[in-house]
Amino acid sequence: MGTTQPVYPTKPGATLGHLAEGDPGRSWHTHLDEVRTTIADESFATREFDGYFGRTTVDELLANFYGFDMLVHRWDLGAAVGADVTFADDELDRLETAMDGLGDMLYSDGVCKPALAVPDDAPRQQKLLGRLGRQG
């Protein structure tokens, strides 16, 4: 697991354990369990803080960026191993909403490459992937 995901909950003050070395699956599941436990506390989940995209709350960050990031990278991982990943309509809705909310930040350094041209009659997922700078 990279360093981005574990940092999100610490910005508003969560203390999470050190990521396990070696087994990425074990690291991810340990981190996921710690995040679930931390955000189960409503006072933490609704805590405001200054995030990368401005003033937000933990639950808004998780819903609007963390979730977006996980969905996009699910597709990236599938593409890397040659597996077909198809987003459900509700996932496409969430991704499009998050992308609209990010505006030009979507194309800032380290987020997404510039949008790719996609035919007007392309399927919705292909259009979304093109907007993310990915070949669908």
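1. Start at T57: its side chain makes a polar contact with the side chain of D59 at 2.4 Å. A polar contact here is a pair of N or O atoms within 3.5 Å; within protein, one must be able to donate a hydrogen and the other to accept it, and residues adjacent in sequence count only if both atoms are side-chain atoms.

2. Before going on, note that this is a predicted model, where local features need pLDDT of at least 70, side-chain atom pairs count only at pLDDT 80 or more, and totals for chains, interfaces and linings use all residues. Residues are numbered from 1 along each chain as its sequence is written, and side-chain values use heavy atoms, with hydrogens and water left out.

3. Back to T57, which sits in strand β2, residues 54–57 (strands are DSSP runs of E, at least two residues; helices are H or I, at least four; both are numbered from the N terminus). T57 is buried, with a relative accessible area of 10% (buried means under 20%, with a 1.4 Å probe and protein chains only). Setting aside neighbours within four places in sequence, T57 touches A45, T46, R47, E48 and F49 (contact means heavy atoms within 4.5 Å).

4. Now the helix pair: W28, H31, V35 and I39 in α2 meet V58, L62, Y66 and M70 in α4. By type, the residues of this contact are seven nonpolar, one polar and no charged (nonpolar is Ala, Val, Leu, Ile, Met, Phe, Trp, Tyr, Cys and Pro; charged is Asp, Glu, Lys and Arg; the others, Gly among them, are polar).

5. Overall, the protein has six helices and two strands, in the order α-α-α-β-β-α-α-α.

Technical notes:
Buried < 20%, exposed > 50% of the residue type's maximum accessible area, 1.4 Å probe, protein only.
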